[in-house]
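User: Walk me through this model in questions and answers. Keep it brisk.

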Number of protein chains: 2
Amino acid sequence: MREMFHAELRQLGYQLAVLADSADDAMDQATLALLHTDRDRADGVIAGEHTIEERHHELDEHALTLLARQQPVATDLRTVVATLRMSADLRRMVALARHVAELVVLRHPEPVVPAEFRGLVERMGEVAGWLVGKARAVLRSHDAGAALALDRDDDEMDRLQESLYRELLDAGVQRDPRAVLDMALIGRYYERYADHAVSVAKRVAFIAAPVPQG
Amino acid sequence: MREMFHAELRQLGYQLAVLADSADDAMDQATLALLHTDRDRADGVIAGEHTIEERHHELDEHALTLLARQQPVATDLRTVVATLRMSADLRRMVALARHVAELVVLRHPEPVVPAEFRGLVERMGEVAGWLVGKARAVLRSHDAGAALALDRDDDEMDRLQESLYRELLDAGVQRDPRAVLDMALIGRYYERYADHAVSVAKRVAFIAAPVPQG
């Protein structure tokens, strides 16, 4: 019974890791669409959300079934509940990637990102990919140390957002209000995405940390 | 045993309703701080988050204890899991109110909201209060019909956000980039707050709907 439960728990972890791949791919595609004013790619991100949502629903139902059938307690119970929370984080990350893609579609054929901000946005995309990549690795390895190191990485996204907002308000430059509005939201979407990625990793750490050896 | 469980479930519902009051109060205070450039009030919202967070932690632990001890299945299990999700929604709403308050502190003594947007922001604050008020009522009454009606109310916040963004981009007006940046974020914070309020009510509806009578 317990062995079966742990096999199911591993299965849940695998489903989560696959959904982390989807969240990674969604933001990766959204960033490319944003940088290349690529409407087809943006449409793809928007259309893809539905399928990912369904997989989240399956994962959540699987977790609920496990709770009902196996009646776990202590660490096992916390692991299943953490799985539901990580599922919510990852689902939100896909929605944030969709928001980025929607902005591309809304402004098309105009680019959303002014030339002078391309470098910053590219870097935000990289940090987002890096953070979710670490979350994926942590989900697969259950390495609490790696998870805790993510907190520092999150600082980099915060710094990028601050630079972006500071440059938007640079008094020496005349800005198009549309660019300020769009970039304010873009900055916020990437920052939230990073925050959820770090949250996923921390939840793994929270589960992984107190496991006694032997 | 089951009677005790349902008493505990009612207790969870009561804790949720109290936390909905806190989320309502936090945004109410943040809106007042925003409209009156009231730094003390903004500081109060920021300082108050910690205590609310602790109450969320207590609620979540209470729900986990119920899961472990009472091992609920079917609707009872879904109710406890929905409670954890509503707790997460309400906690996020308090964080969004804190974001509004932080903007007040950041720009102080300058007002965040340009005079011409005061009416819109006031209305956003009203709709936010109205939506969380309905969520609170639904939490206390478990009335699925009222919960489903919330969906339409959410549309009003979306419309307010659209008006705000449209006016920010009005070509006939020269805008301070700082005002555009701040108002873009303010619009987003209220919209997210409304979305979470509706989500809370829908979760109640999801639990309340399939209960057979008699």
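User: Which loop of chain A holds Pro109(A)?
Analyst: This is a predicted model: local features need pLDDT of at least 70, side-chain atom pairs count only at pLDDT 80 or more, and totals for chains, interfaces and linings use all residues. Residues are numbered from 1 along each chain as its sequence is written, chains are lettered from A and ligands numbered from 1 in the order in which they are written, and side-chain values use heavy atoms, with hydrogens and water left out. Helices here are DSSP runs (H or I, at least four residues), numbered from the N terminus. Pro109(A) sits in the loop between H3 and helix H4 (118-141).

User: What is omega for the peptide bond that joins His108(A) and Pro109(A)?
Analyst: The bond between His108(A) and Pro109(A) is cis. In chain B, the bond from His108(B) to Pro109(B) is cis too, with omega near 5 degrees. Pro109(B) lies in the loop between helix H3 (74-107) and helix H4 (118-141) of chain B. For His108(A) and Pro109(A), omega is about 10 degrees.

User: Is Ala74(A) buried or exposed?
Analyst: Ala74(A) belongs to helix H3 of chain A. Its phi is positive, about 50 degrees, although Ala74(A) is not a glycine. Buried means under 20% relative accessible area, exposed over 50%, partly exposed in between (1.4 Å probe, protein chains only). With a relative accessible area of 52%, Ala74(A) is exposed.

User: What is the relative accessibility of Ala74(B)?
Analyst: Ala74(B) is found in helix H3 of chain B. Phi of Ala74(B) is positive, near 50 degrees, in a residue other than glycine. Ala74(B) counts as exposed because its relative accessibility is 51%.

User: What rotation superposes chain A on chain B?
Analyst: The RMSD is 0.0 Å, and the shift along the axis is 0.0 Å. The copies are thus related as by a two-fold rotation axis. The rotation is 180 degrees.

User: How much area is buried between chain A and chain B?
Analyst: Buried area is the accessible area (1.4 Å probe) that two parts lose on being put together, summed over both. Carbon and sulfur atoms give 64% of it. In chain A, Leu169(A), Leu181(A) and Arg188(A) lose the most area to chain B, together 21% of what that side buries. The buried area is about 2600 Å².

User: How many residues of chain A are in contact with chain B?
Analyst: Contact means heavy atoms within 4.5 Å. Of the interface residues of chain A, 100% are also interface residues in chain B, so the copies meet through the same surface. Chain B gives 30 residues, and chain A gives 30.

User: Which residue forms a salt bridge with Arg78(A)?
Analyst: A salt bridge puts a side-chain nitrogen of Lys or Arg within 4 Å of a carboxyl oxygen of Asp or Glu. The two chains share 4 salt bridges. In the one with Arg78(A), the closest N and O atoms are 2.8 Å apart, and the partner is Glu61(B).

User: Which residue of chain B does Arg192(A) touch?
Analyst: Arg192(A) lies in helix H6 (residues 177-208) of chain A. At 11% relative accessibility, Arg192(A) counts as buried. Not counting residues up to four places away in sequence, Arg192(A) touches Leu96(A) and, in chain B, Arg92(B).

Definitions and conventions: Helices (H or I, at least four residues) and strands (E, at least two) are DSSP runs, numbered from the N terminus. Copies are superposed by least squares on the C-alpha atoms of residues with pLDDT of at least 70 in both.
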